Structures are given as C-alpha cells and as structure tokens.
Amino acid sequence: MQKNKVTTYLLYAIGEIILVVIGILIAVSINNRNEEIKSRNKLKETITALRSDLIQDTFLIQDRLPEVKRQYLLNESLRGRVAKPSATIDTLLKIVRTEFNPNWTEPLRYNTNSYNSLVNSDLIEILPDSIRSQIKNFYNQKFSKINLVERITNDYRGKLATYVNTYTFGSTSLHDQGPLIDSLVWSNVDHGHLAASFQGLSNFKRILFDLTNDEMEFSHKSSKALILHLDQYLSK
C-alpha cells in the first residue's frame, strides 16, 4: 500500500514537471514568435525609411548634377582657349582675372541613417540573401566613391588656398576685390607661375568632375534600381 502511494506521488510529480516544462516551452515559443514579429516589423519600417532616403538622394543628384556639368564645361572651355596656338599672355590674364572661378561644388551629403540602422541593429542579416547582397554592394561601392571624392576635394582645397594667396578669385560676385587690389595683384605677375597655377588648378577641377560625375551617376542609377528591388520586397 505504502509503495503504491509513493509510486502515485512520483508519477504525479513527474506529470507536474512535464506540464511545467511544456508550459515553459510554449511560453518561450510564443515569446520567440513575438520577437520575430517585432524584428520583421522593425525591418520593414527600416527598409521603408531606406527607400525614402534613396528617393531623396536621387532628387539631390538631379538638382546638383546639372551645375556640376555646367562647371565642367566652363572649365574645359577656358582650358581650350588657353591651349589654342593663337592664345597670348593677354588671353590667359583675361581668363584668370575675369572668367576663371576656382571654386568647386562641395560633395553631396547623403542621408545614410537608415542604412546605418539596418547594419548596426543586425536587421540586415535577416533579409533574403539577394536583397541583402544588393543593399550591401550598393553602399560599399557608393561609400568607396564618396571617400575618393572627399579625399580629392580636400587636396583641391589645399591647392585652392595656395592659389588665392597669390591671385584673386576671378569670376565670382562674392569676391569683388575692387580696382585697387586687382591692380596690385596683377601688376607684376609672374606669367610662368600664373600659367602653371591655372593649368594645375583647372586640371584638378577636371579630375574632380570625373570623380564627382561618376559617383553621382552611379548613385542615381543604382539608387533607382535598388528602389525597385525594395518595392518588390515590401510588397510581399
């Protein structure tokens, strides 16, 4: 009789333990499911924000790129005139005094907050392989091009500072130095140094254009392509 009671208690205890374990497993499963739902909702919100960033970036590029191309064409026109066999010292002086603007367009500042959030939170890792690879490849290439543009732009700033410490700014209403300063600056110019300075600075502007134009056109085209892929993902 006593032995039967002990057996009954043991079976009851084991049953209770099994019920508790099952309850815990169910609770864990529900919690994991809830966390998964939260993560996927957060992922969808972040992807939607990323899409919005990309659209804004394309608008920025569409607004800025024409001015970049305009500056390039002007720069090439001035270089072409100086390179003509008929060019004289007066040609060079007229260009650098009244037409050549050594300023250059600052690099665009893109909004990468959503992408950074996607990466830093590891949400990007739960995306399907194809869309994850597309996002990573796009931003890796974009950042590489941006970093190169910024590095060359910083180099250009140094050359620009050297130039304007010797010569006036030329064709910009913001730097109207007046006839006195203009005459003092240009009265005893070293023509050889001026020619080398103009050639060096204008050639650097050409390099900056190539890099800036490449980055903007890549970002514009690739952003639009990535937006289509994001739309497909969000529609599922």
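These legends accompany a few close-up views of the predicted model. Local features need pLDDT of at least 70 and side-chain atom pairs count only at 80 or more, while totals for chains, interfaces and linings use all residues. Residues are numbered from 1 along each chain as its sequence is written, and side-chain values use heavy atoms, without hydrogens or water.

**View 1. Helices α2 and α6 cross.** Here α2 (residues 89–98) meets α6 (residues 191–234), their axes coming within 11 Å and crossing at roughly 55°. Helices are DSSP runs of H or I, at least four residues, numbered from the N terminus; axes are lines fitted to C-alpha atoms over the stretch in contact, with angles from 0 to 180 degrees between N-to-C directions.

**View 2. Residues that join α2 to α6.** On α2, I89, L92, L93, I95 and V96 make the contact (heavy atoms within 4.5 Å). Their partners on α6 are H191, L194, A195 and F198.

**View 3. Surroundings of L194.** Beyond its neighbours within four places in sequence, L194 touches L92, L93, V96, Y167, W186 and V189.

**View 4. The largest nonpolar core.** This core has 27 residues, and V96, L194 and F198 are among those with the most contacts inside it. Such a core is a set of buried (under 20% relative accessible area, 1.4 Å probe, protein chains only) Ala, Val, Leu, Ile, Met, Phe, Trp, Tyr and Cys residues joined through side-chain atoms within 4.5 Å. Helix α6 supplies the largest share, seven residues.

Definitions and conventions. Helices (H or I, at least four residues) and strands (E, at least two) are DSSP runs, numbered from the N terminus. Buried means under 20% relative accessible area, exposed over 50%, partly exposed in between (1.4 Å probe, protein chains only).
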